[in-house]
Every structure is written in C-alpha cells, then in structure tokens.
Amino acid sequence: MPSEQWTHPEPGDGPAAVAAQPSPEQVIAGLRATSEGGAELTQLLTPEGERVPSPQFDKYVEDIDAEALRGLYRDMVLVRRADREANAMQRQGQLGIWVPLLGQEAAQIGSGRALKKNDMAFPSYREHGVAYARGVDMKDLLGIFRCTDHSGWDYQGTGFHPYTIVIGNQVLNAAGYAMGQKFEGKVGDDDGEATICYFGDGATSQGDVHEGFVWAAVYDAPLVFFCQNNQWAISEPTERQSRLPLYQRARGYGFPGIRVDGNDVLACLAVSRWALDECRHGNGPVLIEAFTYRMDAHTTTDDPTRYRLSDELEEWKLKDPIERVRAFLARGGYADQAFFDSVQAEADSFAADLRDYTFNMPEPPPERIFSNVYAEGNPVLDAQREEFLSYLDGFATAGEH
Ligand SMILES: Cc1ncc(C[n+]2csc(CCOP(=O)(O)OP(=O)(O)O)c2C)c(N)n1
Ligand SMILES: [Mg+2]
C-alpha cells in the first residue's frame, strides 16, 4: 500500500502542490500503514531468523560477531525474565504496580547497546531493558514499583535519567539536555555526545512531543527521538492517532525519520548507531519509529482482553524478538543447547535475586517523603515535616489516654 499513501506533493512542487489534498483512498492507505509494518520497515533479521543484507546499515553492525550476538540474546532473555518476575511479584502483592516490557526487548536492548558512555538516555516508564543496558541495577527500578523510592539511581553516572510518568514530558527534558550538549561544544566528531529519548506511539499526540521536536530541530540538537510504536496507547490503537506512519512526521519538522523493525535487535542496534552517529557529528535530530508490539497489558492495572483480540497477539508471537535470534544462532551453529540452557539458568538466578531483594526491601521511614525535595533546607517544608511527625506521634501515645 505505501505507493498509494499521500506522500506527495514534494515541497517545491509549486502552488498547485500546496493546494493538493489526499484522496479518501490515500487517507485510508495512510491509516493502514500506521499499523502495518510495510515495505518501509528496516530489517536485518527476519522473524524466521534469516539475515537480510542491508547496503545502508550492515556497516553499523560489522563488529557483531557470533559472540556479540549471543550477548544480545542473553541481554534480552535476562530482561524478559526479570520483567516476568516483577509482573508475578505484583500479582503476589509485593509490588504496587508493574509496567511490562514483554515484546519490546529488541527495541530496548538494540538501542540501549548503541549508546556510548557519555550519551544520555531519557526514558518514560517501560524502559527497564534500556536501564539494564545502561548499567542501572534492576533492583533500583523495583523501589519505584514498591512505592519506596523515586528513581534512586545515579542518573549522571549511568547516563539514564529518572523515569517519567507524565506522557511526553521527558521529550522536553531531553531536548533541553541535548541543546546543552550542543551549546557546550560536545558535538561535532566521532567523540561527540548524543542524547536518546524514549516515548510511545500515544505520546506522539502530546503537545510536549511536538514542542520537543521543534526545539531540537531549530537548534540542531544531538537528539535521537526513539518512539516505540507498540501499537497501543493503553486501549487506543495507533491508527486512531495518526493518518500516516509516525516516522513520516519527522519530515514536517525538517529532520530524518526512519521506521525500524522494533522486534529485530540487530536492526535496532544498527539504526540507533547510525542515528546517534548523525547526532554526534552535528546532523541531529533524528526520529526512529521502532515498530513493535506490547505483548502484555499496559500495566498490571489493565486488562487488554477488553479492547483487543487475541489473534492479534498470536500474530505478533510469531515475530518474537528473542526467538528470531535464537533461530539464527541455532541454525548457523553459533550456539548449542548448552548455551541456551546456561542463559536460562542465569536468567532464573537473576530473577531470584530481584525477588529476594524485593521481599527484603527496607521500608523507608515516613519522614523520608520530605527528604531530597530541595537541595538546601526549606522552612515551609521543615514545618510540614514537624507537623507530620507530631501527628504520627499522636498515634504512638493514643492508647495512653
Ligand atoms: C500527560 C498524561 N496524560 C495521560 C496519562 C495517562 N497515561 C498513562 S500511559 C498512557 C498511554 C501512553 O501510551 P504510549 O505513549 O503509546 O506508551 P506505552 O504505554 O504504550 O508504552 C496514558 C494516556 C499520563 N500518564 N500523562
Ligand atoms: Mg504505545
């Protein structure tokens, strides 16, 4: 269908072109392309695990030999196993809520592993795989979901900003940060810095994302906008939010947009490396639409059977990001059963560690809610803390009267 989409007229085609409107058929074709991968999808590994050559992107994964690919496989198995454990812990009442990443491992590991030490990542709330790739201890994520902590990791040291729940808001933060990298002269050669910002398909309907696109564009900010189009914004499908595939929006802002198979870790790595490289050299920003699927609920508070059919999920299971790497490794003789078994065993013990940690997580004292609000003391906050503590004291002595 892509040929029928309304991608014309080209700018500069003259006044008649400006007046042109898409036909109803072109609108429908555009809508369909928002939710079908289509010919525009950059892919290096098919769902069956066949390597597809790419003249444009192969050079970005030249160093990925069998050992490195086994490493990417291991990364994805570990984060999926951690994700399933956390989901189960929420069901057992140990976490208040969990936001599953199931199905999005390739998008997150591929892009996360493309980052260099001095790059900065701005996540939303589902980027547990990126956190892992940045070296954030996954235990540090769990406090957020047990409601004992607010993103307590070292975000400067890890290059991984705190989670943002307000949809699209981190895009503004990331635009500002990337503008700073530009102003401070950290852009311009192979050693340049870049920023990557993660957000969902639904976030693209949010004003903050539009503003972030505008600011990053006019300041040539070294910013990779990484949109994980997992097809759903809770119960709202992508085709209800856009007439055209999301990556095509970049053109309206004057920077390149590309759609990558978000279930293909190799393609996500290659395309992210390319986009980050563009940014490092001063050719940013770039929009990547990683075309993927949220295989589980939006969060543990959601029931997706209320709004989507199970055959859709069944179709996406055939495109599983982990299975295609496994198929490639096994078919090529790059990994044997002993390797797959050892990764599974490692993943089980990784998950057991997270479980032990969660069950034994210290309860913070109630006054903790007042700490780290301001860098220095604040009289209003101090008074509130005193009032709160004496209120709690009232319970301790209540039985004495
Ligand atoms: C400003 C704002 N509006 C609404 C919400 C409620 N909300 C939470 S997640 C979500 C959907 C986001 O969908 P998408 O951007 O596709 O990301 P996904 O959850 O699919 O990863 C909404 C509307 C919010 N958190 N913030
Ligand atoms: Mg979504």
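## A cis peptide bond

Pro285 sits in a loop, with α11 (265-280) on one side and β7 (286-291) on the other. The model is predicted. In it, the peptide bond from Gly284 to Pro285 is cis. Its omega is near -5°. Most peptide bonds are trans.

Most residues other than glycine have a negative phi. Cys147 has a positive one, near 65°. This residue belongs to the loop that runs between α6 (139-146) and α7 (155-158). Cys147 has 11 other C-beta atoms within 10 Å, so Cys147 is exposed.

Ile234 is not a glycine either, and its phi is positive at about 50°. The loop that holds Ile234 lies between β4 (232-233) and β5 (236-237). Ile234 has 14 C-beta neighbours inside 10 Å.

## Helix α3 against α13

Helix α3 covers residues 66-91, and helix α13 covers residues 321-331. Their axes come within 10 Å. They cross at roughly 145°, and the crossing is left-handed.

On the α3 side, the contact is made by Leu69, Arg70, Leu72, Tyr73, Met76, Val77 and Arg80. On the α13 side, Pro321, Ile322, Val325, Arg326 and Leu329 take part. By class, the contact has nine nonpolar and three charged residues, with no polar ones.

## Helix α3 against α14

Helix α3 also packs against α14, with an angle of about 35° and axes 9 Å apart. This crossing is right-handed.

From α3, the contact uses Arg70, Tyr73, Arg74, Val77, Leu78, Arg81, Ala82, Glu85, Ala86 and Met89. They meet Phe339, Val343, Gln344, Ala347, Asp348, Phe350, Ala351, Leu354, Arg355 and Thr358 of α14. The contact of α3 with α14 divides into twelve nonpolar, two polar and six charged residues.

Gln344 counts as exposed because it has 11 C-beta neighbours inside 10 Å. Met295 is 49 residues from Gln344 in sequence. In space, the two are 20 Å apart, C-alpha to C-alpha.

Gly394 is in helix α15, residues 379-397. There are 9 other C-beta atoms within 10 Å, so Gly394 is exposed. Gly394 and Asp311 are 83 residues apart along the chain. Their C-alpha atoms are separated by 57 Å.

## Annotated domain

An unreviewed UniProt entry annotates residues 74-348 as "domain: Dehydrogenase E1 component". Over that range, the chain is 44% helix and 11% strand. The end C-alpha atoms of the range are 12 Å apart.

Key. Residues are numbered from 1 along each chain as its sequence is written. Chains are lettered from A and ligands numbered from 1 in the order in which they are written. This is a predicted model: local features need pLDDT of at least 70, side-chain atom pairs count only at pLDDT 80 or more; totals for chains, interfaces and linings use all residues. Axes are lines fitted to C-alpha atoms, for helices over the stretch in contact, and angles run from 0 to 180 degrees between N-to-C directions. Helices (H or I, at least four residues) and strands (E, at least two) are DSSP runs, numbered from the N terminus. A crossing is left-handed if the near helix is turned anticlockwise from the far one by less than a right angle, and right-handed if clockwise. Two residues are in contact if their C-beta atoms, placed from the backbone, lie within 7 Å. Ala, Val, Leu, Ile, Met, Phe, Trp, Tyr, Cys and Pro count as nonpolar, Asp, Glu, Lys and Arg as charged, and the others, Gly among them, as polar. UniProt positions are given in the numbering used here, feature names are shortened, and annotations may be inferred rather than shown by experiment. A residue is buried if 20 or more other C-beta atoms lie within 10 Å of its own, exposed if 12 or fewer, and partly exposed in between; C-beta atoms are placed from the backbone.
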